[in-house]
Amino acid sequence: MNQDIYVIIEYIRGQVSDISYVMLAAARDLAEVTGGKVVGVLLGHNSQDLANNLAADQVLYGDHPALAEFTSDAYKQALKGLLTDHQPRAVMLGSTTIGGDVAGMLAISLGYPEISSGFTISDGKVISKICGGKIMAETDLPETSTFITMIPGGYKPEQGQSNQPPPITPISVTLDDLKVSLRQFIEPEVGDVDITNQDVLIAIGRGIQSEDNIELADELADLLNGAVCSSRPVVDQGWLPISRMVGKSGQSVKPKLYLALGISGAPEHIEGVSDAEMIIAINIDPNAPIFDIAKYGAVVDLFDLIDYLIEAVEDAS
Amino acid sequence: MTHILVTAKMVPDLVEELEIDDSGTALDMTWLRLIINEFDDHSIEQAILLKEKHGGDVTVIAPDFEGIDDVLFTAAAKGADRLIKLTRDFEEGVNNHALARAYVETIKLQNPDLILTGVQANNDLDGSIGPYLAELLGMSYVGYISGVSLEGDKVVVQKEYPGGLIGEMEVALPAVLGIQASEEPPRYVAVSKVRQVMKTATIEEQEIPDLDPRGGLDVNSMYLPEAAEKAEMLEGDEEEIAAKLVEILKDSGIL
């Protein structure tokens, strides 16, 4: 085993994902304690240029036509071969649709422990954020090679970027009998409202309780010339289309005002609102993680508040 | 005939106040209310939708936590054919490595074509169940799934990417899928129907004598997050809070 920290670089359709830079920044913190290098691992096909702005000491690049876009089987095979040979101290992957598919299979296959939902690195320890952001867990880096899946929020993507292209070392990739293949990408459905260019968003979550109550949020949004968006549970219930969803699988938004009504603020949601100028959170639960990122908050039942708020906004406008 | 297996587990209800136990390294389970992992609930729904469309049968398998019988009988009321409960004292704690290994022998006997699991659970700390099962059973795994259709010896899945993008993927069977959301919201079943099912359905019990937690973690400490900058909290009754919010909106040029 060497003391290097490997980061599996994630990208989608030629665009490096922010989580890749976040992981490089976290890996730097960890490598300072282990004394090893930060090594990016880039798998692709004619994709070498994606390595140019990675803040890594070295990038290992594996090229194969079946790696042009991510599939779990091809990545698993490619990484298993590489990690068996190199045995780095730790391997970071995103807690994402990419990293989440392969970390677990490789952990079992290679016998590595796996630390989930890594948020920051502190003195060589991994600080994870679990239970919807309500609990933090501190774990020492195990003495064996370890997988760490990372969530965003603990580092800024810019911390993992560099103007100095890293040295790139080709690695050989052998793949056979692939069981998973990508047929096509299906573009997101175009909604009636583009929530990514709204100045005011009224965001509703589980706390809205029923489809009928959405009209209250609509009314407030109309008064403020904004639109209604939501966290995942509202979309999963079929109350709003997926084009209105903010967060991990949904949109990232950057409004001047993000008024979160009955949204707890799980990490999967928070990652879509990091560019909002001002977040105001209304929640009945004083421990809701949304208050940790909001500028203003109030612990109150949204249904007790909203009529007063609508009235006060009407009076003021 | 397609044999679909679903795993389900109970997780802390995050609406409740969470506390750390005396050891300082785990959640205090004493007063904790447990609910079904919502992604497992979606997995059950997706399995029933597949059964309704393509035929086949659905088995739901779950470790024995408080409340699991209701979850299993509810699954039967929705259309699950077979219910299996893994029994031992899980409430002393079980990591996902141990739980996955506990599932494996029972699952092998079932010989499923397709296994659906929730893509994650809110208390996952040492990885998630789906990829572990896939590797232990020698199957493929694809997660973050919000649509599944069976096409002969493979499934075609809708895999979620950021920004609403979907990757349509083909996965050879047998396979494990990590379900993010079922194609329809989990259906509601009346309590009376669940009670009726309880009279006829049986929960088969499979005892798990030993747990193998290798690969799990030794947690140093757990704690509630301390935000560097917490929100400025607005106090008062609802009317006063509404007035303060309007002042903030005015000051920031939104009104």
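Reader: What should helix H1 (residues 38-54) of chain B span, at 1.5 Å a residue?
Author: The 17 residues of H1(B) should span 24 Å, and its end C-alpha atoms are 24 Å apart, which agrees. The expected span is 1.5 Å times one less than the number of residues, and helices (H or I, at least four residues) and strands (E, at least two) are DSSP runs numbered from the N terminus. Bear in mind that this is a predicted model, where local features need pLDDT of at least 70, side-chain atom pairs count only at 80 or more, and totals for chains, interfaces and linings use all residues. Residues are numbered from 1 along each chain as its sequence is written, with chains lettered from A and ligands numbered from 1 in the order in which they are written.

Reader: OK, and how many residues of H1(B) are buried?
Author: 12 of the 17, so H1(B) is largely enclosed by the rest of the structure. Buried means 20 or more other C-beta atoms within 10 Å of the residue's own, exposed means 12 or fewer, and partly exposed is in between, with C-beta atoms placed from the backbone. Among the buried ones are B:Phe39, B:Ile44, B:Ile48 and B:Leu50.

Reader: What follows H1(B)?
Author: B:Gly55, with a positive phi near 80 degrees.

Reader: Switching to the sheet: what's the strand order?
Author: E14(A)-E13(A)-E15(A)-E16(A)-E17(A)-E13(B), six strands in an open sheet with parallel pairing. Strands count as paired if DSSP finds at least two bridges between them.

Reader: Which strands stand at the edges?
Author: Strand E14 (227-230) of chain A and strand E13 (232-233) of chain B; each has a single partner strand, so one side of each is left without a neighbour in the sheet.

Reader: And how many bridges join E17(A) and E13(B)?
Author: Two, in the parallel sense. A:Gly297 stands opposite B:Met233 there.

Reader: How many residues does each chain put into the contact?
Author: Chain B gives 66 residues and chain A gives 78, where contact means C-beta atoms, placed from the backbone, within 7 Å. On the side of chain B that touches chain A, the largest share is nine residues from H6(B).

Reader: Last one: is A:Asn225 buried or exposed?
Author: A:Asn225 counts as exposed because it has 12 C-beta neighbours inside 10 Å. A:Asn225 is in the loop between helix H4 (214-223) and E14 of chain A. A:Leu201 is 24 residues away in sequence but 9.0 Å away in space, C-alpha to C-alpha.

Technical notes:
Two residues are in contact if their C-beta atoms, placed from the backbone, lie within 7 Å.
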